[in-house]
Amino acid sequence: MIAEHTSTPRTNRRTQQIARAQAHQPLDVLGAIWRYRWAVILPAIVFGVVGFLVYFKTEETYRSSTRLMVESNHPPILDTMTGEVIGGVPDIEVLQAQLYSDTVAEMAFNDPNMQPHQALYNNSLDQFIIDVHDQLELEPEVTDVNAAQSLITLLHFDSNNKELCEAAVKAYSKALQDYYDQRHQGTQEDLARLIETAIQSIAPKLSEMERRYKEFRRDAPLIWDEEGHAKNPHRDQQQNLTKQRATLYQELRQEQKTLNSMQTVAKQSEDPQIALNVMSQLLGVKVSSVAQNREPDPTIGDSMLAEIDLEKTLLPLIIAKTQNVSQYGPSHPTVKAIDQELQTSREELLRLVREQADRITKLRREWYEDLGDPVVRAKQTVDAVIYAHEAKVAMLDGFIKELDEQIATEKKLAAEISQFELDNEQMVREMDQFRDLKNQLEENMGKAQLSDDESVTQIVELMKPSNASIVGPSILKNCGLGTLIGLLLGSGLALLLEKNANTFRDPDEISTLLGVPILTHIPFFRGKRRKIKKGEVDPFKTLTTDLAVVHQPSSIAAEAVRSLRTAVFFDTSKIQGGKVIQITSPLPGDGKSTIACNLACSIAQSGKRVLAIDCDLRRPQLTDNFDCDDKLGLTNVLNGECEPLEAAHATPLPKLFIMPCGQIPSNPAEALSLPLMNELLDYLREQFDYIILDTPPLLVVTDPSITASMVDALIMTLRIRRKSKPNAVEALNILNGVGANVLGIVINNSDEAGAADGYRGYGYYKYGRYGSSYYRRNGQSLGTSVAVTANNSLRQPRTMNANVNGNAAPATGKNGSATAKAATPLQPRSTGTLLADPPAPHGKPKDSQSSSIVEAEFDD
């Protein structure tokens with residue numbers, strides 16, 4: 001059975017890759033222009049010649065010029081409205097508008113310099129204004145004049161008449177100067193008069209408004225501060241009361257919080273004295289009961305303290321005694337007298353102290369007996385403190401209510417006189433507007449105080465008008481512009497041709513777009529027979545000259561075919577048994593049959609047993625190339641007229657066998673789609689190493705799509721020409737749709753020197769001229785082996801016979817080979833006639849001594 005080498009996911013990935021490559025393929029602009037350089041150069045030459053003819057036919061143009069200076073007598077000023085610095089000179093647009101005005105044109109037309117030339121304009125001022133608009137030009141040397149006090153400009157006049165150019169420049173220069181002098185004459189007086197009139201009309205209105213405002217201030221119930229700002233007294237009083245209320249409200253909240261805390265402590269505490277201490281901490285002051293306030297000093301009545309005070313009283317006598325003792329001695333009368341006095345005083349004072357202490361002790365005892373219970377006294381104190389704070393909270397709440405009433409009253413009064421505030425603001429705003437307008441008019445009056453003898457802007461001629469000189473036409477401008485237009489049009493034409501060509505330009509583009517590799521490039525090849533020495537017999541004389549590997553084994557084309565053979569060997573090395581390879585192309589003329597023939601010969605030259613089958617049942621070119629028109633072929637095997645190996649004919653190459661198409665049927669597609677075709681290929685796998693199928697073009701018939709699903713690999717031949725890109729993509733999509741295993745692409749007729757379609761290969765064919773040195777000059781090449789007959793080169797296979805009932809009937813001929821008479825034809829599994837009324841055998845074309853691989857496929 002045929003192994004499946006291409007799965008559905010792989011086919012889908014290849015289709016998606018082709019779609020992405022088509023979507024992201026950029027246009028090579030430079031490459032397209034170079035390939036179609038004739039389309040670019042030809043329009044450039046034509047339009048260059050047109051430009052030269054225009055130059056030749058155009059009359060000469062003369063130009064006369066002068067330099068003018070426009071200056072202003074007052075410096076640039078700052079515009080208070082826009083904030084921009086405005087120069088004293090007008091903008092260049094204003095100067096141009098004034099130059100082209102009818103007034104200046106009339107002054108120039110009546111100038112004495114222009115009178116000799118008025119006949120050129122039919123003595124018509126209107127005609128002069130129309131014509132001179134295209135001939136006159138004012139060119140500034142500096143474009144930014146916002147901060148400039150002077151401006152330099154060039155005045156040009158172009159005409160076919162030299163004298164007219166010089167006269168017109170002089171006339172316009174003089175006219176523009178006179179225009180500015182006349183324009184500004186008397187302007188200052190008019191402006192000052194207008195400003196004075198405006199001031200006089202504004203002053204009475206402003207005086208009336210000030211009078212009305214004084215009366216308003218006298219009668220309005222408003223007050224004004226030192227700066228003259230009006231204030232609403234009731235609104236100010238309302239704000240002051242609101243501030244007082246906020247202060248009282250904060251104090252009320254604090255007192256309520258303290259009162260709530262004290263009430264909570266009084267309820268939760270069982271000991272009034274403890275509650276009194278906690279209240280002291282909350283209030284931040286010491287709160288005591290009546291008993292505590294009336295408690296006497298504990299030091300009163302203490303006898304020891306009294307004795308200490310006594311000693312302090314007697315201290316002067318003690319000191320005097322000590323001094324006398326130290327001075328006179330203890331026995332001195334003075335000392336004794338002092339000692340006696342000290343003793344008497346101490347005793348008497350001690351007695352008095354003791355009596356006083358006893359009295360105080362008695363009084364204290366009586367005082368404690370009158371105080372009563374201290375707990376009761378503490379509870380009374382707690383109640384008194386709470387009552388005092390409750391009274392304070394009530395007082396604050398009353399104050400706040402009174403303030404609320406006052407605030408509401410002041411708010412109502414403030415709203416009643418709010419209209420006076422609005423009237424005051426409106427009157428002040430109107431007076432300010434009138435004052436500002438008056439100040440601006442007075443400022444403009446000061447600016448308008450200019451000299452009456454000179455104008456604000458004046459024009460001075462810096463140099464006299466130049467002599468008229470030729471300025472046009474220019475051959476460089478005309479020819480250059482024409483050539484540039486031709487190049488642009490030619491480039492557009494080249495891009496259009498490139499887009500319309502829709503072909504490949506390099507190998508990488510083919511691989512990227514199609515998603516398959518390029519196996520080889522077959523160059524342009526002119527078929528010719530190898531030279532035979534006198535007396536020798538050419539064994540390949542019956543073969544077509546398009547077999548380059550046979551007739552010219554050392555040629556570049558033969559080397560390219562061997563490169564293809566090597567790629568096939570590597571790509572099919574994992575396939576077990578015989579390999580079935582299909583050769584096809586998108587369109588006729590791509591050289592598929594010649595590529596198939598050369599590939600079969602090259603594989604046979606490497607020692608492999610090869611069978612080439614001509615599956616093109618419409619135009620069998622492979623059959624013609626090997627001169628097998630009148631021999632049994634594929635259709636005979638499918639009709640059961642012979643055994644498969646009887647239709648495999650030997651060739652001059654020992655390992656190569658050819659199965660021609662046989663008689664051309666009327667239904668080729670149905671013949672190739674029979675199950676017997678698949679069974680035939682399975683049988684031939686056992687007999688040959690490689691089986692090459694030559695099939696019709698993909699985009700012409702459906703035959704190659706049928707066989708693509710039966711083969712192990714497929715090679716597509718492509719000739720680079722117009723529309724080859726979409727044709728190749730469509731062909732590859734067909735193959736992907738049937739799950740074909742496409743090994744790669746063979747590019748035919750890719751000679752770099754002779755390619756006119758812009759395709760360029762990799763550039764290795766120039767090394768082909770060295771290939772002949774690897775072959776023996778006087779020996780036989782690989783493709784010149786002595787031919788052998790089919791009887792001693794073809795192995796004796798088993799006979800494959802089948803009838804409709806499925807019974808096998810083997811039979812052998814005289815030499816052990818299968819015979820057509822004894823064999824039962826290989827029948828199709830479907831009933832009915834396979835090929836009805838086959839036409840006559842296809843005729844054999846004449847050999848051509850000068851052909852190419854592509855030329856051999858023109859009848860494909």
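Trainee: Where do I start with helix α5 (residues 102-109) and helix α6 (residues 125-135), and at what angle do their axes cross?

Mentor: Their axes come within 10 Å and cross at roughly 110 degrees. An axis is a line fitted to C-alpha atoms, for helices over the stretch in contact, and angles run from 0 to 180 degrees between N-to-C directions. Helices (H or I, at least four residues) and strands (E, at least two) are DSSP runs numbered from the N terminus.

Trainee: What kind of model is this, and how are residues counted?

Mentor: It is a predicted model, in which local features need pLDDT of at least 70, side-chain atom pairs count only at pLDDT 80 or more, and totals for chains, interfaces and linings use all residues. Residues are numbered from 1 along each chain as its sequence is written, and side-chain values use heavy atoms, with hydrogens and water left out.

Trainee: Why is α5 called roughly perpendicular to α6?

Mentor: Angles under 35 degrees count as roughly parallel, over 145 as roughly antiparallel, 65 to 115 as roughly perpendicular and the rest as oblique. The crossing angle is roughly 110 degrees, so α5 is roughly perpendicular to α6. By class, their contact has 5 nonpolar, no polar and 2 charged residues. Ala, Val, Leu, Ile, Met, Phe, Trp, Tyr, Cys and Pro count as nonpolar, Asp, Glu, Lys and Arg as charged, and the others, Gly among them, as polar.

Trainee: Which residues of α5 and α6 meet?

Mentor: Asp102, Ala105, Glu106 and Phe109 in α5 meet Leu125, Phe128 and Ile129 in α6. Contact means heavy atoms within 4.5 Å.

Trainee: How do you know whether Asn122 and Asn123 are buried or exposed?

Mentor: Buried means under 20% relative accessible area, exposed over 50%, and partly exposed in between (1.4 Å probe, protein chains only). Asn122 has 63%, so it counts as exposed. Asn123 has 54%, so it is exposed too.

Trainee: What makes Tyr213 and Phe216 a stacked pair?

Mentor: Rings of Phe, Tyr and Trp (its six-membered ring) pair if their centres lie within 6.5 Å; planes under 30 degrees apart count as stacked, over 60 as edge-to-face and the rest as tilted. The Tyr213 and Phe216 rings are 6.3 Å apart centre to centre, with 25 degrees between the planes, so they pair and the pair is stacked.

Trainee: Why are Tyr213 and Phe216 about one helical turn apart?

Mentor: They are 3 residues apart in helix α8 (residues 187-219), which means a separation of about one helical turn. Tyr213 has 10% relative accessibility, so it counts as buried. Phe216 has 13%, so it is buried as well.

Trainee: How many aromatic pairs does the structure hold, and which residues do ring pairs link into a cluster?

Mentor: The structure holds 10 aromatic pairs. Ring pairs link Phe109, Tyr121, Phe128 and Tyr172 into a cluster.

Trainee: Why is α9 called roughly antiparallel to α10?

Mentor: Helix α9 (residues 233-268) and helix α10 (residues 272-283) pack at about 165 degrees, with axes 9 Å apart. That angle is why α9 is roughly antiparallel to α10. By class, their contact has 8 nonpolar, 2 polar and no charged residues. Among the residues that meet are Met262 and Val265 in α9, and Val278 and Met279 in α10.

Trainee: How do you know whether Lys412 is buried or exposed?

Mentor: Lys412, in helix α15 (residues 374-416), has a relative accessible area of 57%, so it is exposed. Lys412 and Gln238 are 174 residues apart in sequence and 9.7 Å apart in space, C-alpha to C-alpha.

Trainee: How do you know whether the peptide bond from Gly472 to Pro473 is cis or trans?

Mentor: Its omega is near 0 degrees, and the bond is cis. Pro473 lies in the loop between β9 (469-472) and α17 (475-501).

Trainee: What are the totals for the protein?

Mentor: The protein has 28 helices and 17 strands. Of its 860 residues, 41% count as buried. Among contacts between residues at least 6 apart in sequence, 81% join residues at least 24 apart.
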